[in-house]
Each structure stands twice: as structure tokens, then as C-alpha cells.
Amino acid sequence: MRKTTFLAALLIIVISSNAQTEFNKRHGVRLMGTLSPGYMLGLKESVVSLSGSWSYYLSEHVSVHGEGSYFLTSLNDFSRVSSNHSLLGGLNYHFKANTRFDPFLGMQPGAGFFTREGGKLVQYKTEVVPVISFVAGMNYYVGSIFNFFVHLRYLQSQSLEHLPVKMPLSEIRLMAGLGFNFGVK
Amino acid sequence: MKQILFIACLIPLISIAQDEKPGRVSLGVRSTVSLFNHGGKDDAGYGAGGHIRVQLSKRLNTEWFADYLSNATHGSAARRDAHIGWSVMYYLVDTDNFKRKFTPYVVAGHCFDYTQINLYQNSGVGLSFGDDQKASRWSSAIQTGLGTHYNLTQRLDVSLAAQYMIHFGKDYHIEELPVRTIVSENHSGLEGHLLVSLSINIKL
């Protein structure tokens, strides 16, 4: 028990001392790709997408962010979603300058490509829908090449192809893993 | 008298000349919620787009925007609007070169609007009442409202604006009886919607 406490304390000290090291992200790029689980709030479906994103730091506090997401599957037995891909772009505000620990908030509107599941009998066409999207996340820069990240994204849109039944496509999406960075030092 | 008038005409130019960075350009992306579509309380729509801002003087900014919105209308029809237009923003307080956190403004402008109405005859439970119908039109619109920047830094701001947009031109509505159909109004009327937009902007 004592040993575990000691190791945990040591880890916190190492991380916090690292977090205070001067670190320059301006003009740096970070890239990531990950499997991202999501939950569609309106349809009450758990889904999995393959997501990739890039960020370019205009300054220590501002980055341009682009993201693409490819719908893989729904985890529900009877899904109403055949596909729900998205392309997003916007800006992030980073709270801390010159630190390895990099919490941020961002807004990236974009387009969604939604197809309703029609089973074997019906083939629905893909609908392009506008998407409102916000992200909260944090990156931790291990060094000049790698970073750990956890991003939580909220997406809001709706499908109108099947009115009078409106299909809400709001979703919370989690992205986490190991990312690459270039030009940060 | 002519000399006084001439000097009076030059006063706005003096205010432009005193600005630190006239012609400053910003780029931004915007998310929009469209409310009270066609006068209805329900059927909120969502939209996404972007804009370029070109500041003319300390108190005067312009916004050149394009966005795409979709919302349900009359229960069984989808309305999709693409806007492209411009607005003038007048700052109600001295911007202090955007060092202050909040910068409220009045906004007014004009846009061109492409509207497409799709009437779906499928009941949603597998029953169909006929063929789907589609109608589209180009129109013009004006918009006015209030907004504010929240300046995260001098170069980065989040802006919230509420504008009422009034469309000019022939409108479409859905007639339920004897069969559901899209009907084009014979007269030109006024119809509009409230647009609440949240944007994030970077000054170049």
C-alpha cells in the first residue's frame, strides 16, 4: 500500500514538473487518428467511428483544427443508422501557453453525411446535413514527436429526409489515444 | 458655407485615419440555430457556415458570410436555405483595440438566399401518400439584430449574434387538402426567421 502511494506521488511530481517545462507549440502541427466511440443522444444508439484530425497552432493560444470522421458501426441490435460520416473545421482556444499540458475548447461546424438504415428491402439515399459541433479536450505533449490526447466532442444535426419523422443526430463522441506532433519543441 | 460642408464631409475620413489597423481582416466559422421559421414556434433548424470580416474603422466592421441551414416546415416538408451576403457591424462601445472582453454591436445587412422545399409523402411508417415534391427559388433578404464579441485574446473572439432575417419574394407553403402539395404564393410577401449564430474568429 505504502509502495503504491509512493509511486503515485512520484508520478504526480514527475508529470507536474514536466507540465511546467517551457514548451513552444507556435507553428506546430499535431495529428491524430483513433477509433472513437460515440453515443447518439436522440436515437439512443452507441456507435463507433474512425476519426482523424489535425491542428495547426497559429499561436500558443489559438489553433486551426480540421477533423474527419468515418462511421463504422452501430452497437445497437436494431439500428436506424447505416452511416453518419462528418467533416468539420474551425478553431480551438488553448488555455495555457508554453506548457506540455494543453487543455482547450473549440468550435468546428461542418457537414454530415447521413444514411438511414433500410435493411435488405430499402436503400435510402445519403443526406448532407449541416453540423454544429463543439469540443473540449486536453493534450499532453510527451516530447517533440508524441502527445497523449483526450477529446470530447458534441455534435448537433438532424435528418429531414424522412419527415414527418425527424431524426435527431445529436452525438457525444470520445476520442483518446496517442497523437503525433511536428514543429513543437 | 461650402468650406464648412467640405470639412464636415472629411470628418469620417479622419476617424478612419486614426484607427490603428483599418482594413483588418478576420476569418471565422459560424454555427446557426434558426428559430420561428415561417412564423412557427417549433421546427428549429441548424446551420453551418463561415465568414470574412473586414474592419473599416474603430467602430465599423463588415462581415461577408455564407451558410447553409436546414429545418422542418409545416410538419412534413424540409426547407433548406443557402445564404450568401454581407452585414455592417457598428460597435456600441469603444473597442479599445479589442482589449476589452465584451464588444457589443448592432448589425444589419443584406443577403441572397436559395431555398429548396422538399415535401415527403412517406408517412414515416412505410406508407406513402404519393410522389415526393420539390420546389426551389432564389430570393433576397435583409437581416438586422444585435451581437457581441467576447474577446478571448486581442486576435481571437467568440461572437454571439441574434438577427431577424426577412425574405422578399414569392413564398411557398404546404396545402394539406385535398392532397398534400407545395403551393407557390402568387403575391410577394414578407416572411422571416430568427437566426442565432455563434462564431469563432481569428484576426489575421
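Here is a friendly conversation about a predicted model with chains A and B.

Trainee: How are residues and chains numbered and lettered, and what pLDDT do local features need?
Mentor: Residues count from 1 along each chain as its sequence is written, while chains are lettered from A and ligands numbered from 1 in the order in which they are written. As this is a predicted model, side-chain atom pairs count only at pLDDT 80 or more, totals for chains, interfaces and linings use all residues, and local features need pLDDT of at least 70.

Trainee: What ipTM does the predictor give the complex?
Mentor: The complex comes with two scores from the predictor. Its pTM is 0.81, and its ipTM is 0.78.

Trainee: Where in chain B is confidence lowest?
Mentor: Confidence here is pLDDT, given by the predictor for each residue from 0 to 100. Chain B has a mean of 81, with 77% of its residues at 70 or more. Strand 2 (residues 45–55) of chain B is highest at 93, whereas the lowest mean, 47, belongs to helix 1 (residues 2–18) of chain B.

Trainee: How many contacts beyond four places in sequence does the model have for residues 9–19 of chain B?
Mentor: Two residues are in contact if their C-beta atoms, placed from the backbone, lie within 7 Å. Over residues 9–19 of chain B, pLDDT stays under 50. For that stretch, the number of contacts beyond four places in sequence is seven.

Trainee: How many strands does chain A have?
Mentor: Helices (H or I, at least four residues) and strands (E, at least two) are DSSP runs, numbered from the N terminus. Chain B has one helix and eight strands. In chain A, one helix comes with strands numbering eleven.

Trainee: What share of the residues in chain A is buried?
Mentor: A residue is buried if 20 or more other C-beta atoms lie within 10 Å of its own, exposed if 12 or fewer, and partly exposed in between, with C-beta atoms placed from the backbone. For chain B, with 204 residues, the buried share is 33%. For chain A, with 185 residues, it is 38%.

Trainee: How many residues of chain B are in contact with chain A, and which classes make up the side of chain A that touches chain B?
Mentor: On the chain A side, 24 residues are in contact with 23 residues of chain B. Strand 4 (81–94), strand 6 (110–116) and strand 7 (127–141) of chain A each supply at least two residues of that side. Nonpolar means Ala, Val, Leu, Ile, Met, Phe, Trp, Tyr, Cys and Pro, charged means Asp, Glu, Lys and Arg, and the others, Gly among them, are polar. The side of chain A that touches chain B has 15 nonpolar, eight polar and one charged residues.
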